[in-house]
Amino acid sequence: MLNDQAAGLRAMHANTPKGSMENKPVRVIAVASGKGGVGKTNVSVNLGVALSKQGNRVLLMDADMGLANVDIMLGLQTKYNLSHVLDGEKTLKEVIVEGPAGLKVIPAASGVKRMAQLSAMENAGIINAFSELSGELDVLLIDTAAGIADSVVSFCRAAQEVVVVVTDEPASITDAYALIKVLSKDYQLNKFRLLANMSRSTAHGRQLYEKLAKVCEQFLDVSIDYLGTVPFDHDLREAVQKQVPVTVYRPNSEAARSFNLMAKQVQGWPIPRGVTGYLQFFVENLFQSGH
Ligand SMILES: Nc1ncnc2c1ncn2[C@@H]1O[C@H](COP(=O)(O)OP(=O)(O)OP(=O)(O)O)[C@@H](O)[C@H]1O
Ligand SMILES: [Mg+2]
């Protein structure tokens, strides 16, 4: 399968006018959690803003089919989403909206489910649409839905990095473990990054990471790295009410400072090499896993 994808990618390179493929690899990061309501959308949005402020070109894809969370969190009025691209009514660039600090957003919503059920022709179209963006992006962040729905699995498999958000409550810990278990046992993903959210302190977040990582590494064939801790922060709650990311609303709040630190960490992660570093690889993978 890997070879097929590599071949497809080479063919695409061959068909692309010289110059337009001269792009850097794109970091593709899926944000997942198992349990809902633990902070995935806030993490995606604020990590996106922080990375953007630090000079990265960031695109955030709202891959939660349930509610158009990202739009609401950013107070964006969106008219179009991925389904309009699939219908051929809009180009991908036309549905992308600009959020705060230059963060770009794809309001995926109802388009996401359909993406796994496309015909080969439609696939080719959307892959080309994404490849147009290649040279214009450094990071693609994907805010996934809660649980272990097919789409969550697809996005996690296609991404290079999976950030698992967890809070210090039994249901969140159990569900994060269950998600990591399914992704590792059934889909051979073996590397995860953990983010402790709504923690009492950084030390508590770190402890939570150590506890969960130990259990995962003992019973599953995985390695879990610590991304960081976001403390419970009333400023973040207020920011959500105001529909502004806390990194913009209160840039000096504890939460905002944690997101800035994490964005620095993300930039220190190994740069994806070879075909896996290209956006087309992500999209091709997404379709493969949907079948
Ligand atoms: N660090 C934090 N401090 C205080 N409150 C927080 C923090 N992170 C998240 N919250 C609260 O939790 C709520 C849910 O967060 P968010 O919508 O980001 O979670 P989610 O995992 O995306 O939820 P869903 O599973 O429904 O998509 C926020 O509206 C906010 O009130
Ligand atoms: Mg959400």
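These are my notebook entries on a predicted model of a protein chain with a ligand.

**Entry 1: the overall picture**

I started with the inventory. The protein chain has 14 helices and 8 strands. I then asked how much of the chain is buried: buried residues make up 44% of its 291 residues. For contacts with a separation of 6 or more, I looked up the share that joins residues 24 or more positions apart, and it comes to 79%.

**Entry 2: the sheet**

Next I followed the strands across. They form an open sheet of 8 strands with mixed pairing, in the order S3-S4-S2-S5-S1-S6-S7-S8. The edges are S3 (97-98) and S8 (223-231), each of which pairs on one side only.

S7 and S8 run parallel and share 8 bridges. Within that pair, I found Arg193 opposite Asp225 in S8.

Then I looked for helices lying on the sheet. Helix H8 (residues 150-158) packs on it and touches S1 (27-32), S2 (58-63), S5 (139-144) and S6 (161-166). The direction of H8 makes about 150 degrees with that of S1. Helix H10 (residues 202-219) also packs on the sheet, touching S6, S7 and S8. For H10, the angle with the direction of S8 is about 155 degrees.

**Entry 3: strand S2 and helix H8**

I wanted a closer look at S2, one of the strands that H8 touches. How many of the 6 residues of S2 are buried? The count is 6 of 6, so to speak a mostly covered strand by the DSSP run and the burial cut-off of 20 or more other C-beta atoms within 10 Å. Val58, Leu60 and Asp62 point one way, while Leu59, Met61 and Ala63 point the other way. I note that the buried set includes Asp62.

On its two pairings, I wrote down the following:

- S2 and S5 run parallel and are joined by 6 bridges; the bridge partner of Leu60 in S5 is Leu141.
- S2 and S4 (residues 104-106) pair in the parallel sense over 3 bridges; Met61 has Ile106 of S4 as its bridge partner.

H8 itself is mostly covered, with 7 of its 9 residues buried. I list them here as Ser151, Val152, Val153, Ser154, Phe155, Cys156 and Ala158.

**Entry 4: H9 against H10**

I turned to the helix pair next. Two packed helices are described by the angle between their axes and the distance between the axes. The axes of H9 (residues 170-185) and H10 cross at roughly 35 degrees and come within 11 Å. Their crossing is right-handed.

Which residues meet there? From H9 I found Ile173, Ala176, Tyr177 and Ile180, and from H10 Leu212, Val215 and Cys216. By class, the contact has 7 nonpolar residues, no polar and no charged. The spacing along each helix made me recall a rule: an α-helix has 3.6 residues a turn, so residues three or four places apart point the same way.

**Entry 5: Gly228**

Is Gly228 buried or exposed? It is buried, because 24 other C-beta atoms lie within 10 Å, and the cut-off for burial is 20 or more.

I then listed what Gly228 touches, leaving out residues up to four places away in sequence: Leu195, Ser258, Leu261, Met262 and Gln265. I also looked up Thr202, which is 26 residues from Gly228 in sequence and 8.0 Å away in space, C-alpha to C-alpha.

**Entry 6: around ligand 1**

How many residues surround ligand 1? I found 20, and the closest are Gly36, Lys40, Thr41, Asn42 and Ala146. The elements giving two or more residues to this shell are H2 (40-53), S7 (191-199) and H11 (234-242). Sorted by class, the shell has 8 nonpolar, 8 polar and 4 charged residues.

**Entry 7: two positive phi values**

Last, I looked at backbone angles. Ala101 has a phi near 55 degrees, a positive value in a residue other than glycine. Ala101 lies in the loop between S3 and S4, and counts as partly exposed with 17 C-beta neighbours inside 10 Å.

Gln243 is another such residue, with phi near 60 degrees. Its place is the loop between H11 and H12 (246-249). Gln243 is partly exposed, with 13 other C-beta atoms within 10 Å.

Note on methods: Residues are numbered from 1 along each chain as its sequence is written. Chains are lettered from A and ligands numbered from 1 in the order in which they are written. This is a predicted model: local features need pLDDT of at least 70, side-chain atom pairs count only at pLDDT 80 or more; totals for chains, interfaces and linings use all residues. A residue is near a molecule or strand if its C-beta atom, placed from the backbone, lies within 6 Å of it. Helices (H or I, at least four residues) and strands (E, at least two) are DSSP runs, numbered from the N terminus. Ala, Val, Leu, Ile, Met, Phe, Trp, Tyr, Cys and Pro count as nonpolar, Asp, Glu, Lys and Arg as charged, and the others, Gly among them, as polar. Two strands pair if DSSP finds at least two bridges between them. Two residues are in contact if their C-beta atoms, placed from the backbone, lie within 7 Å. Axes are lines fitted to C-alpha atoms, for helices over the stretch in contact, and angles run from 0 to 180 degrees between N-to-C directions. A residue is buried if 20 or more other C-beta atoms lie within 10 Å of its own, exposed if 12 or fewer, and partly exposed in between; C-beta atoms are placed from the backbone. A crossing is left-handed if the near helix is turned anticlockwise from the far one by less than a right angle, and right-handed if clockwise.
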